[in-house]
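Hi everyone, thanks for coming. Please have a look at the sequence and the structure on the screen, and then we'll walk through them together.

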Amino acid sequence: MTSAVPRLGVTFIPTIEPEQLKDFARVAEDSGLDEIWLWEDCFKESGVASAAAALAWTERIHVGVGLMPVPLRNVALTAMEIATLTRLFPGRVIAGVGHGVQRWMEQVGARAASPMTLLEEYAVALRALLDGESVSTDGRFVRLDGVKLDWPPTERVPLMLGGEGPKSIRLAARLGDGNLVTSAVGDDEIRRTRDLIVEEIGADRASSHRMVVPKIAATGDGAQRRVDEEVARWEKPADAGIGVAGDASTIAAEVRRLAGLGATSVAIAPTEDEPDLLGFVEFLGRDVKPLLPM
């Protein structure tokens with residue numbers, strides 16, 4: 001476990017219109033937040049297009065895509081997109097890949113017969129491509145013949161992997177630089193993820209392994225009601241500890257508590273009906289973040 005001050009991020013949930021991203025990203029940066037997290041949910045918004053725009057509109061803040069569904073994307077294309085972003089915006093890109101929601105993958109005719117095999121082949125090839133290697137592989141799903149990026153990243157790009165089952169969590173720990181924890185999870189799932197990471201790679205490696213934990217949050221009038229309704233949209237019980245409602249000290253205490261469970265980054269997600277989206281983002285950076293160090 002870690003008790004270090006976690007990085008604090010905010011999630012641009014894909015139920016927000018894309019045209020709001022510009023102001024969202026600028027307020028997140030100006031208020032002092034560390035990260036912006038984007039989703040590539042079917043059939044809402046492109047994670048890569050959104051990341052490119054958010055990076056261009058800002059100067060400092062890190063931008064992560066959590067996550068890009070691998071059945072939708074040829075691994076060479078994903079490598080090209082990540083490499084281009086990292087060369088345009090050095091040190092600020094966090095790339096995340098995962099299985100994708102299987103019913104959506106089936107809906108577009110891309111569902112893999114073995115999602116685990118696909119993700120493992122994909123992650124190995126993607127890491128090698130991003131590291132500038134020439135890759136030839138003839139796997140069950142990933143096939144490359146002497147593919148090498150002309151413009152690979154000039155630095156190591158953190159590659160995050162996501163998945164909620166034990167096998168997926170272990171694979172992400174073994175092959176990724178960090179684990180993206182599934183949205184709308186409680187303490188038991190977070191502890192289980194951390195325990196599986198330690199079991200898979202050992203305590204020494206786990207101490208530097210990233211773990212991004214999402215958290216639904218709200219403040220102000222009606223905050224608890226809005227959090228409860230948001231949790232219900234995920235078909236989870238209101239008392240599962242998935243969301244937090246309250247003032248800056250309450251939310252900061254929750255972020256510190258998640259750090260005690262192993263989170264290295266906490267990605268705060270607003271509720272779908274947040275009445276003052278930009279005000280909430282500013283509140284996280286200006287009021288919550290300064291309270292995180294003990």
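**A walk through the model**

Let's start with helix α10, residues 277-288: at 1.5 Å a residue, its 12 residues should span 16 Å, and its end C-alpha atoms are 15 Å apart, which agrees. The expected span here is 1.5 Å times one less than the number of residues in the helix. Helices (H or I, at least four residues) and strands (E, at least two) are DSSP runs, numbered from the N terminus.

Before going on, a word on where this comes from: this is a predicted model, where local features need pLDDT of at least 70 and side-chain atom pairs count only at pLDDT 80 or more, while totals for chains, interfaces and linings use all residues. Residues are numbered from 1 along each chain as its sequence is written, and side-chain values use heavy atoms, with hydrogens and water left out.

Back to α10. Which of its residues are buried? They are L277, F280, V281, F283, L284, G285 and V288. Buried means under 20% relative accessible area, exposed means over 50%, and partly exposed is in between (1.4 Å probe, protein chains only). The cover over those α10 residues includes β1 (7-12), α1 (21-30), β9 (210-218), α9 (248-260) and β11 (265-269).

Leaving aside residues up to four places away in sequence, E272 touches I13, T15, E230 and R233, where contact means heavy atoms within 4.5 Å. How far apart in space are E272 and E120? From C-alpha to C-alpha they are 34 Å apart, and in sequence 152 residues separate them.

Now over to helix α5, residues 115-130. With 16 residues at 1.5 Å each, α5 should span 22 Å, and its end C-alpha atoms are 22 Å apart, which agrees. The buried residues of α5 are L118, L119, E121, Y122, A123, A125, L126, R127, A128, L129 and L130. These pack against α3 (75-88), β4 (93-98), β5 (135-138), β6 (143-147), β7 (159-162) and α6 (166-175). After α5 comes G132, with a positive phi near 85°.

Positive phi turns up at other places too. A184 has a phi of about 55°, although A184 is not a glycine. You can find A184 in the loop between β8 (178-180) and α7 (187-206). Is A184 buried or exposed? A184 is buried, at 6% relative accessible area. E235, another residue other than glycine, has a positive phi near 60°, and its place is the loop between α8 (223-233) and β10 (243-245). E235 counts as exposed, at 73% relative accessibility.

Next, the cis peptide bonds. One joins C42 and F43, with omega about 0°, and F43 is in the loop between β2 (35-38) and α2 (47-57). Another joins G66 and L67, with omega about 15°, and L67 belongs to strand β3, residues 62-69.

Strand β3 also holds M68. M68 counts as buried, at 2% relative accessibility. Which residues does M68 touch, not counting residues up to four places away in sequence? They are E40, V48, R73, T78, I82, A95, G96, V97 and G98.

Finally, let's step back to the whole chain. There are 10 helices and 11 strands in it. The radius of gyration of the protein chain is 18 Å, close to the 19 Å that the globule rule gives for 294 residues, so the chain is as compact as a globular protein of that length. That radius is taken over C-alpha atoms, and the globule rule is 2.2 Å times the number of residues to the power 0.38. The C-alpha trace spans about 60 × 40 × 40 Å along its principal axes. Buried residues make up 53% of the 294 residues. Among contacts between residues at least 6 apart in sequence, 73% join residues at least 24 apart.
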